[in-house]
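Please consult the sequence and structure shown below while reading.

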Amino acid sequence: MVSSSKARSILVASLLIVSSQAYFTAPIEASVPLAVPVGNRLKAQPNIPNASATRTSAFNRTYEKKFKRILSVLKREDRLISRIKKVADLYRIDPIHILGAIVGEHTYNYDSLDSAQSYYMKALQYARIPFSFQYDGEKIWSFIQRPQFNKCQREETSNGKWRCYELVWNRTFLGRKVDGIKYPRERFHRTFFRPMFAGQSFGLGQITPLTALKMNDMVNTISGLPKLNPKDASGLYKTVMDPAKSIHYTAAVLKDAIDAYRKVANVDISLNPGLTSTLYNLGNPWERAISFRNKRNVRPALLPRENYYGWLINERIEDLRALLK
């Protein structure tokens, strides 16, 4: 899940600068959510970010080659596909959403490894490397104890807490000098969760550490996996790099996006894997749901649209469905 341009970073930052009261504003009243039908709303694929094109050309690949490569890997992984189906059932979502997220990441943001086992081997490598989540020597768990984050401690879920930390970062620290320290004009996860500057997202579903921490409670409650600890960076990466475990976090992110649009905007996106893939790619579904709800207040029949990433998933949906047969 990679943000790739300055413009998109500014967009996400602006979306995050929303009063916390907005979460409690009632969505558009209707007895039944507006269901988004299958397929793309746009006839042509939206522009693909330059960063994705640069990564792809650097390895002398094309998007089509990368798409076929990840499909080829998944076709050989009967056990992985079986796990995806079981996890999807646990989270009460269609497994096509999980496949869409994985295929999208490996088509646009990452070159797939040769097998699921390859990811597990990399997880073991990360588990042996000592590192921590910090900026300029200050550990993340110490940073969020600052008084600016006091209101976040009242949030009852990990998702609420870490979304709140992210919001405070954007409002108070991003690009500013606070208590004598100049903070970069970078997103929260890029500032504190980039070990050894090797990248920001990892594993089969390309989960960021911040996203995993947001989904901590949901995954623990639904799947029973132990809670992640930001003090144990190596352990966190070992978890998100392990295909058998990372699928749970991917499923949680997708369920969270579906819940956000249903609860905030009264829109059901569960039939459209292109939209869930879009939100998986962009992140911050609750803030985006608020923005979309405000647009629906003016145009009640408005439907959300897919981005370039989600457009591909809808366009090639039969290729993905074939993996589940």
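Which residues of the largest nonpolar core touch the most other members?

## Nonpolar core

The largest nonpolar core has 85 residues, among which Ile98, Leu99, Ile140, Phe143, Trp162, Phe188 and Phe193 touch the most other members. A nonpolar core is here a set of buried Ala, Val, Leu, Ile, Met, Phe, Trp, Tyr and Cys residues joined through side-chain atoms within 4.5 Å. Helix α13 supplies the largest share of this core, with twelve residues. In soluble globular proteins, nonpolar side chains tend to be buried together.

Leaving aside residues up to four places away in sequence, Ile140 touches Phe133, Gln134, Trp162, Phe188, Phe192, Phe193 and Pro230; contact means heavy atoms within 4.5 Å.

## Model and overall fold

The model is predicted: local features need pLDDT of at least 70 and side-chain atom pairs count only at pLDDT 80 or more, whereas totals for chains, interfaces and linings use all residues. Residues are numbered from 1 along each chain as its sequence is written, and side-chain values use heavy atoms, with hydrogens and water left out.

The protein contains 17 helices and six strands, taken as DSSP runs (helices H or I, at least four residues; strands E, at least two) numbered from the N terminus. Of its 325 residues, 54% are buried; buried means under 20% relative accessible area, exposed over 50%, and partly exposed in between, with a 1.4 Å probe and protein chains only. Among contacts with a separation of 6 or more, 76% are between residues 24 or more positions apart. The accessible surface comes to about 15000 Å², and 51% of that surface belongs to carbon and sulfur atoms; areas come from the Shrake-Rupley method with a 1.4 Å probe.

## Salt bridges

The count comes to twelve salt bridges, each defined as a side-chain nitrogen of Lys or Arg within 4 Å of a carboxyl oxygen of Asp or Glu. Lys227 pairs with Asp217, with the closest N and O atoms 2.9 Å apart. This pair joins the loop between α11 (216-223) and α12 to helix α11, across ten residues. Asp217 counts as buried, at 19% relative accessibility.

Glu287 and Arg163 form another salt bridge, with closest N and O atoms 3.8 Å apart. Glu287 lies in helix α15 (residues 285-298) and Arg163 in helix α8 (residues 158-173), 124 residues apart. Both Glu287 and Arg163 are buried. Glu64 and Lys68 also form a salt bridge, again with closest N and O atoms 3.8 Å apart. Because they are four residues apart in helix α3 (residues 63-76), Glu64 and Lys68 are separated by about one helical turn. Glu64 is partly exposed at 33% relative accessible area, whereas Lys68 is exposed at 52%.

Asp242 occupies the loop between α12 (233-241) and α13 (243-265). Asp242 is buried without a salt bridge, and the nearest side chain of opposite charge, Lys245, is 4.4 Å away. Lys and Arg count as positive and Asp and Glu as negative, while His and the chain ends are not counted. A polar atom of the Asp242 side chain lies 3.1 Å from the backbone nitrogen of Ala244.

Helix α16 (residues 308-315) is largely enclosed by the rest of the structure, because seven of its eight residues are buried. These are Tyr308, Tyr309, Gly310, Trp311, Leu312, Ile313 and Asn314. At the start of α16, a side-chain oxygen of Asn307 comes within 3.1 Å of the backbone nitrogen of Tyr309.

Note on methods. A polar contact is a pair of N or O atoms within 3.5 Å; within protein, one must be able to donate a hydrogen and the other to accept it, and residues adjacent in sequence count only if both atoms are side-chain atoms.
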